[in-house]
Amino acid sequence: MNERTVIIDQADPQTFYGVNNSNISLIRNLFPKLRMAARGNVIKVIGEDHETAVFEEKIKELERYATKFNKLTEDVIIDIIKGEPPREVNAQGVIIYGQSGRPIAPRNANQSKMVGSFAKNDLTFALGPAGTGKTYIAIALAVAALKNKSCKRIILSRPAVEAGEKLGFLPGDMKDKIDPYLRPLYDALEDMIPQMKLKEYMESDTIQIAPLAFMRGRTLNDAVIILDEAQNTTKHQMKMFLTRLGMNSRMIITGDATQIDLPRSVQSGLLQSLRILRGVEGIGIIEYEKKDIVRHPLVQRIVDAYEAREKKVDDEFEQGLARSKAEQI
């Protein structure tokens, strides 16, 4: 008799074990000659050497499936253990599989261009109105890179620009005050990574989420680095962030030039960087349009209404300025 230890270190344990350990119960039934004990991410099995070796091989195959597709069903377990290929999953265009195996893929042409730009460029700008999926696709690309081991960590950042509320008036310590600004990033991650695995990544700093001010002085190697809401960076902040790019790293910068919350006297670092860097080799620029909005259809109508109102105000201002000049003459 031989005892063998198998460690589940890639897949989320809850996904792998199933609800109330249903997957483990099924695996135990499919290997009736072996004695099994599972605790945490460790499975111990006792039996003949050949049978325990086959067990380990099948468990690792199941783990790879669960890691890739974020789910592990009874049919898949039976197919893999019996040596049959699991039922095909349509993977065309899929970036990553989110919670419960939901495929996350580009939903319009510009999202597809963004995926292509990330593959061939070290720096990608993704610009456009709210609701076009810029941040969501960026984080999906980063999580996919982490899963396929083309990077060792993900670093997500946002400028903590106050839009109507002062940081000092928010309750709690500095982390509590900053977290609301970073909440959209947490939301996207929670949609793609099982809760226990995400907690593990956060605790080990494999995934780091921090305000832009915390980036100063760092060199970010072997990472996918995302700067969200970049329209709210100053010129100095943007230059500082761009120069954090280290070896074997890629960077995505997202922003919406129509939602700048900086004081009127402060120029957006995003707008300046686009003027300076457009055409530089190794940099891709994806420009989303209103037609790319993938949220509720009302979002596009809201964007249209605001743009029409702003155009009307600008036209009235120009007309008033023209009348004033005519009266002076």
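Predicted model: local features only at pLDDT ≥ 70, side-chain atom pairs only at ≥ 80, totals over all residues.
Start with helix H10, residues 269-277. Its buried residues are Gly-269, Leu-270, Ser-273, Leu-274 and Leu-277. Viewed down the axis of H10, these buried residues fall within an arc of 135°, so they line one face of the helix. The face turned away from that buried side carries Arg-275 and Ile-276, both exposed. Several elements cover the buried residues of H10. Among them are strand E6 (123-127) and helix H9 (235-242). Strand E10 (250-255) and strand E11 (283-287) also belong to this cover.

Now look at the ends of H10. At its start, a side-chain oxygen of Ser-268 comes to within 3.2 Å of the backbone nitrogen of Leu-270. After the helix comes Gly-279, with a positive phi near 95°.

Helix H4 spans residues 74-81. Here Val-76, Ile-77, Asp-79, Ile-80 and Ile-81 are buried. They pack against two helices, H2 (22-30) and H3 (49-69). Gly-83 follows H4, and its phi is also positive, near 85°.

Turn next to charge pairing. The model counts 13 salt bridges. One of them joins Lys-60 and Glu-63, with the closest N and O atoms 3.0 Å apart. Why are these two about one helical turn apart? Because they are three residues apart in helix H3. Glu-63 has a value of 3%, so it is buried. Lys-60 has 24%, so it counts as partly exposed.

Another salt bridge brings together the side chains of Asp-191 and Arg-102, at 2.6 Å from N to O. This pair links distant parts of the chain, 89 residues apart. Asp-191 sits in helix H7 (residues 174-192). Arg-102 sits in the loop between strand E4 (96-97) and strand E5 (103-104). Asp-191 is partly exposed, with a relative accessible area of 27%. Arg-102 is partly exposed too, at 37%.

Glu-287 and Arg-278 form a further side-chain salt bridge, at 3.6 Å from N to O. Glu-287 is partly exposed at 45% relative accessibility, and Arg-278 is partly exposed at 46%. Elsewhere, salt bridges with shared partners join Arg-4, Asp-49 and Glu-56 into one network.

What about nonpolar surface? Leu-298, Ile-302 and Tyr-306 form a nonpolar patch there. Together they have about 310 Å² of accessible area. Ile-302 belongs to helix H11 (residues 297-328). Its relative accessibility is 40%, so it counts as partly exposed.

Two single residues complete the tour. Beyond its sequence neighbours up to four places away, Ala-210 touches Leu-156, Ser-157, Arg-158, Leu-182 and Met-215. Ala-210 and Ala-160 are 50 residues apart in sequence, with their C-alpha atoms 9.5 Å apart in space.

Thr-219 lies in the loop between strand E8 (207-211) and strand E9 (223-227). Thr-219 has a relative accessible area of 54%, so it is exposed. Leaving out residues up to four places away in sequence, it touches Arg-153, Arg-244 and Gly-246. The C-alpha atoms of Thr-219 and Phe-241 are 9.9 Å apart, and the two residues are 22 apart along the chain.

Terms used
Residues numbered from 1 in each chain as written. Heavy atoms only, no water. Helix = DSSP H or I, 4+ residues; strand = E, 2+ residues; numbered from the N terminus. Buried < 20%, exposed > 50% of the residue type's maximum accessible area, 1.4 Å probe, protein only. Contact = heavy atoms within 4.5 Å. Patch = residues over 30% accessible without salt bridge, like charges linked within 9 Å, V, L, I, M, F, W, Y side chains within 5 Å. Areas by Shrake-Rupley, 256 points an atom, 1.4 Å probe, with all protein chains shown as cover. Salt bridge = Lys/Arg side-chain N within 4 Å of Asp/Glu carboxyl O. Arc of directions from axis to C-beta. Polar contact = N/O pair within 3.5 Å; in protein donor to acceptor, adjacent residues only side chain to side chain.
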